[in-house]
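Subject: Structure handover

Dear colleague,

Here is the structure I promised to pass on. My notes on it follow below.

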Amino acid sequence: MMHEYFTSSELKNSRVRTVSQHEINPNGRFILYWMTACRRYNYNASLDYAISLSKELSKPILVVEAVSITHKFANDRILSFMIQGMMNNSRDFQENNITYIPWVEIKQKAGDKMLLSLSKHASCVILDDYPTYTPNKILRAAPKILKLRVDAVDSNGILPMMWAEKEFTTAYSFRKYMQKSLVDALQTIPAMNSMDGVEDNLSLTSDDLEFLREETNLEATPLEWLWRVSEGGTVGDRAMADFPIDHSVPAVKETIGGIDEARMRLQKFLNYKLNKYSIDRNNPDTPAVSGLSPWLHFGHISSFEIIEKVFDKENWSVGSLNHEDTGKGTRSGWWGTSESASSFLDQIITWRELGFNYAYNRIDHATIETIPNWAKISMTEHINDDRTLYSLEELEQAETHDEIWNASQRELVRTGQMHNYMRMLWGKKILEWSPDPETAAERMIYINDKWALDGRDPNSYTGIFWVLGRHDRAWGPERPIFGKVRYMSSESAMRKLKLKNYLERYAKEDTMTLAKFG
Ligand SMILES: Cc1cc2nc3c(=O)[nH]c(=O)nc-3n(C[C@H](O)[C@H](O)[C@H](O)COP(=O)(O)OP(=O)(O)OC[C@H]3O[C@@H](n4cnc5c(N)ncnc54)[C@H](O)[C@@H]3O)c2cc1C
């Protein structure tokens, strides 16, 4: 099916790159799509590509959604969210006659061996192109380990990552680039349903599956166990209890992974919040935001789907764009939508994809090396300034003198999410309360990647290094500790924002006292 806005598919040139130059193996039994980041059926460029290869080579497709537990932050919260997504995916792939195997590593490092074993029987391997954390490690390791053709496919955002030849250092310069590229980029969006119009049977036969079971020990993770984890509560906790993962980070009962939940939340956002986005986005008491970042992070919903729904609601077409302003980086008025929709599109395209652009072009994107020189110099000049110091444990347990900060940390620990404005303040205070910017960066990464459902994302590092001056400019007046790096304080947040309900909601459980600022 063709989209109303997304008009043709030049996928091959823009979203597919070959990461291992071997020839396609003509004797392979199937095309292997090892799913690591784009964990969904719809709007999946990897699947689109697998289907086009399948037609070309007359081979069936095997999709394995792999969940690794071999990473620093494997925990109950992340695992249960991913498995809930798998339950939806099992249904969607089955309904569309694609062989889909949900596969959870039961012991560390088993994934590498399984990928290698399966690849020996495949014609080629398709991986999701993702610029950070575990999916990126797999992508980098694959050409060294696998002895066949490996292609990486990018379903991350509207702008194919390979188009930009460099990293952009400001949202303004990236916005200019985005405006010039948008109309072309809309033509590279994968199909909503890649199987529409496909008559052939692309699934593996039961003989093929039996062969793989014998040769590689490939077994789908039992549905009954997946179901128990996805149920959550004590049933879910018990099901995960034997896994060698961090059980101190519990699943969040009310935040369920998968496309079904994402679509429900998206609809609520469109109905009740989008029209208030430009005014109430930064209101922690009643935030008019989508809350979709965890589903975006795990690829359960694509930004294409969200944007298409926003376009529909706004009766938008390419003709709505203010073409005279294209390439000028103007934030307001360019989209030709309501102010709220423009502001949302700016976040989900400009800001979100700035993170992908940066991570794709900078292998060191998660390090302090990426902050600008003026910020490095300025913070170094203030390194000996007096400061209140907290340990990592005190921060993690929300034990500071600042009840606003404590509330934001408790929000993160309890819900796996944090309101955007509070997140900025949260980071700025960690800088203020750490001995140096390097330690502040390490602490932000550790706490965010461990507790946040949307952590370990290119935008985790955009946000964290924004706190330290990346993608920002120098500000005056010069402040203690911060120097010229943008300063934020809880006192001014208390004055500017509506926080009463927020502070009550995230008060310390045993006291439920109001903040000292209240
Ligand atoms: C210190 C710090 C850490 C952060 N860590 C993360 C993280 O781990 N993962 C993450 O996805 N975002 C992170 N952000 C960016 C931002 O806070 C979240 O993307 C946003 O709050 C998610 O909420 P939402 O889904 O309701 O966003 P909405 O306002 O509904 O926006 C829709 C989508 O647009 C994107 N978006 C919105 N705001 C930003 C932004 N400022 N920068 C980049 N993309 C944005 C997100 O994908 C978001 O889901 C961080 C910001 C800071 C300051």
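H17 covers residues 403-415 and H18 residues 420-432; they pack at an angle of about 115°, with their axes 10 Å apart. Axes here are lines fitted to C-alpha atoms, for helices over the stretch in contact, and angles run from 0 to 180 degrees between N-to-C directions. Helices (H or I, at least four residues) and strands (E, at least two) are DSSP runs, numbered from the N terminus. The crossing of H17 and H18 is left-handed, a term used if the near helix is turned anticlockwise from the far one by less than a right angle, with right-handed used if clockwise. On the H17 side the contact consists of Trp-405, Ser-408, Gln-409 and Glu-411, and on the H18 side of Met-422, Leu-425, Trp-426 and Lys-429. Two residues are in contact if their C-beta atoms, placed from the backbone, lie within 7 Å. Four of these contact residues are nonpolar, two polar and two charged. In this classification Ala, Val, Leu, Ile, Met, Phe, Trp, Tyr, Cys and Pro count as nonpolar, Asp, Glu, Lys and Arg as charged, and the others, Gly among them, as polar.

Please note that this is a predicted model, in which local features need pLDDT of at least 70 and side-chain atom pairs count only at pLDDT 80 or more, while totals for chains, interfaces and linings use all residues. Residues are numbered from 1 along each chain as its sequence is written.

H18 also packs against H20 (458-467). Their axes come within 9 Å and cross at roughly 50°, and the two helices are therefore oblique to each other. H18 passes H20 in a right-handed crossing. Arg-423, Gly-427, Lys-428 and Leu-431 of H18 meet Gly-463, Ile-464 and Val-467 of H20. By class, this contact has three nonpolar, two polar and two charged residues.

A further helix pair is H3 (residues 76-95) with H8 (residues 223-231), whose axes come within 8 Å and cross at roughly 125°. H3 and H8 are therefore oblique to each other, and their crossing is left-handed. From H3, the residues Ser-80, Ile-83, Gln-84, Met-86 and Met-87 meet Leu-226, Trp-227, Val-229 and Ser-230 of H8. Six residues of this contact are nonpolar and three polar, with no charged ones.

Next, the sheet. Six strands form an open sheet with mixed pairing, in the order E1-E6-E5-E2-E3-E4. Strands E1 (16-20) and E4 (99-104) stand at the edges with a single partner strand each, so one side of each has no neighbour in the sheet. The twist averages 25° from one strand to the next. Strand E3 (residues 61-67) and E4 run parallel and are joined by six bridges; two strands pair if DSSP finds at least two bridges between them. The bridge partner of Glu-65 in E4 is Pro-102.

Two backbone details are worth checking on screen. The peptide bond from Gly-476 to Pro-477 is cis, with omega near -5°, and Pro-477 is in the loop between H20 and helix H21 (490-496). Ala-398 has a phi near 55°, a positive value in a residue other than glycine; its place is in the loop between helix H16 (392-396) and H17.

Finally, the domains. The domain assignment of the protein gives domain 1 (11-156 + 198-239) and domain 2 (368-505), with bounds that come from an automatic or database assignment. The centres of the two domains, taken over C-alpha atoms, are separated by 36 Å. Six residues of domain 1 are in contact with six residues of domain 2. On the domain 1 side, four of the touching residues are nonpolar, one is polar and one is charged.

Regards

How values were computed. Angles under 35 degrees count as roughly parallel, over 145 as roughly antiparallel, 65 to 115 as roughly perpendicular and the rest as oblique.
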